[in-house]
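Me: I would like to go through the terms used for this model and see what each one rests on. Please set the values against the cut-offs.

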Amino acid sequence: MTSTARRGRSSAVAAGPAVLWFLLFMIAPLVVLFVVSVGVRGPGGGYLPGFTLANYGELETRLVPILNTVRFSLIGTAVTLVVAYPLAYYLAMKAGRMRMVLLALIIVPFWTSMLIRTYAWIFLLGNNGIPEVLSTLGLADDLRLLNTPFAIVIGIVYNYLPLMLLPIYVSLERIDPSLRAASKDLGADRLATFRQVTLPLSAPGVLSGCLLVFIPVMGEYLIPVLLGGGRSYFLGNALADLFLQSRNWPLGAALAGSFILLMSFVVVGYSRLTRRLAGPLPTEGVL
Amino acid sequence: MTAVTNDEQVAEGFLRVVGLSKAYGDVRAVSNVSFSLEPGTFFALLGPSGCGKTTLLKMLAGFESPSAGEIHLGPGEITDMPAFRRPLNTVFQHYALFPHMDVAKNVGYALRQQRPRIAKSEIESRVNAALQLVQLDHLPRRRPSELSGGQQQRVALARALVAHPSVLLLDEPLSALDAKLRVDMQAELKSLQSRLGISFIFVTHDQGEALSMADRIAVMREGEIVQDTTPMDLYDRPADSWVAGFIGTMNFVAGTVAGVSDDLTQVETEAGTFSGIATADLNSGQDVRLALRPERLRLFAPDSDDSKAAECTATGVVEAFSFHGDQVDCTVRTQTIGAVKVRIPLAGTAHEIDFQSGGAVVVGWNSRDARVVPTWNSAAKS
């Protein structure tokens, strides 16, 4: 009894700094955000204390950036998945000794700033880049790539590829090769084996990858500005405008708060889904 | 084994392997292996790790393609047939159960792959029958992770048997089980095999397992089959000194062939000339070993008249001694033939013998109990 009690007390002491950290950097900002979101906009912008839900009612005026963001995040995540899965499959199953080199080649570019990498795509997609090459080759004339939705998707896929690739790679790499051998032994050809064994066992990795890409893309700010030319307005851009340009803090806070709430539903849904799947969860302890 | 020339007349489950080889670069994992198997044979591939037995099994299953040779099953050749078309199934060393499927889904896997599709109700009843075969029909909804090692083993068996393979391949299936469970599973596997009447090819490095279960044992060494015979014959007449030492316990006395009279071969050793039954064709002057099983030796007290009944004797002192209830194992340091391991039943004359360390004893045996085996050493071969 006494020893359990003592252990309980000492573990509470050990957890102290973590709890403090959590309160200070997780809970407190959320409280501030909520307080601001029910306040009113000051005459010159900013925030005045108050209590009104009007800001939440006003959210529907921001429906376009919200839908834009959700749409691009879904499309971007899907395209990233389609690009990353075969790559991860190749790395995990076929690359052999080249595996580490190839993984490094994929990851190393991401040590440079995202801003610089995205600027590089401005040049590539701009009139002197890929469209110029294509028209010289006589394949396409007057092709416009920069400042289109296509450019935004390219930007998303390029910038978030490792976040999708690595969890899928890990879950594929962990699949015991004898499971695939057993499947073939029992009469399944390569495609049937992939469909019934490899794909379901890599599902946790796919889910983690999708979540790891979807969440930051929802908060994306740079890509729509640089590659979309500001035509496709994202939530991140809307928030920046509300806080920095029109200085409507309460509305901005309401928008950001709703956004956080929405994302927590996504995360809860994710953890429900992964719990139903067998096999290792590469993001266990991360999310 | 009759030589088969015409594939047409061959029974369904008759397996014939001809000159099968597998080389990885310069390394020959399996070289020129041939054997044929009547349907319903429990066939053990026995050898130390790295002897090529697992590679041989993988070629039979279709996971490795042979560098040379042929595999025939029943009336057809399957050498180049992909694994998923072969009517052979495998029980994997660590079972390889699908972790995302329950027991029934695992067992029904092979049936769900078949085209034209098998009706759901038939799959269900065949899965149930297979689970009954291994006494697991009460757990169809469990996931593999919720099963004990022995239960997983049974699921793996049921899964491999559900599609009625003509030959079942087993890759050290008992190695992951604890000792007691292993003994139980040995008996169960054996009875399962005789009930089903199909051939089991059982890869193992455990000679006790092979001896107790198999109808036939092929001993493999460095990619080749050294000896392919019944367990009793293998134990009694090992083909060379390596096999003799690998199967059971054996005492060796080095020497050369001095001559042959009737069915006995004389061996000249440093301790004099001994006789024994040769297990292979030997030439005069060839390097051989006189091989003596511990249980074929007898122990006598030094002053006992009984020792005169033995054709050969060696006097010595007890060096080590261990008691096993019904029998006694002891090591005797002899003056003439070195240290000798002796196993004697306690029922006999054991009470007359001084087993204390340092006690004087006489080891005796008859020539017909000794074997003369050719000396094998790997350096000389390569």
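Me: What makes the link between the side chains of S175(B) and Q93(B) a polar contact?

Reply: The side chains of S175(B) and Q93(B) are joined at 3.4 Å. A polar contact is a pair of N or O atoms within 3.5 Å; within protein, one must be able to donate a hydrogen and the other to accept it, and residues adjacent in sequence count only if both atoms are side-chain atoms. The 3.4 Å pair therefore qualifies. The side chain of S175(B) also reaches the backbone oxygen of E172(B), at 3.0 Å.

Me: What are the ground rules for the numbering and the values?

Reply: This is a predicted model, in which local features need pLDDT of at least 70 and side-chain atom pairs count only at pLDDT 80 or more, while totals for chains, interfaces and linings use all residues. Residues are numbered from 1 along each chain as its sequence is written, chains are lettered from A and ligands numbered from 1 in the order in which they are written, and side-chain values use heavy atoms, with hydrogens and water left out.

Me: What does S175(B) touch, apart from its neighbours within four places in sequence?

Reply: Q93(B) and R182(B) are in contact with S175(B), contact being heavy atoms within 4.5 Å.

Me: How do you know how many salt bridges there are between chain A and chain B?

Reply: A salt bridge needs a side-chain nitrogen of Lys or Arg within 4 Å of a carboxyl oxygen of Asp or Glu. The count between chain A and chain B is 0. Polar contact, in turn, is found for 6 residue pairs, both residues at pLDDT 80 or more.

Me: What makes up the contact between the two chains?

Reply: Chain A gives 18 residues and chain B gives 20. Between them the chains bury about 1,700 Å², 63% of it on carbon and sulfur atoms; buried area is the accessible area (1.4 Å probe) that two parts lose on being put together, summed over both. In chain A, D185(A), L186(A) and Q196(A) lose the most area to chain B, together 40% of what that side buries.
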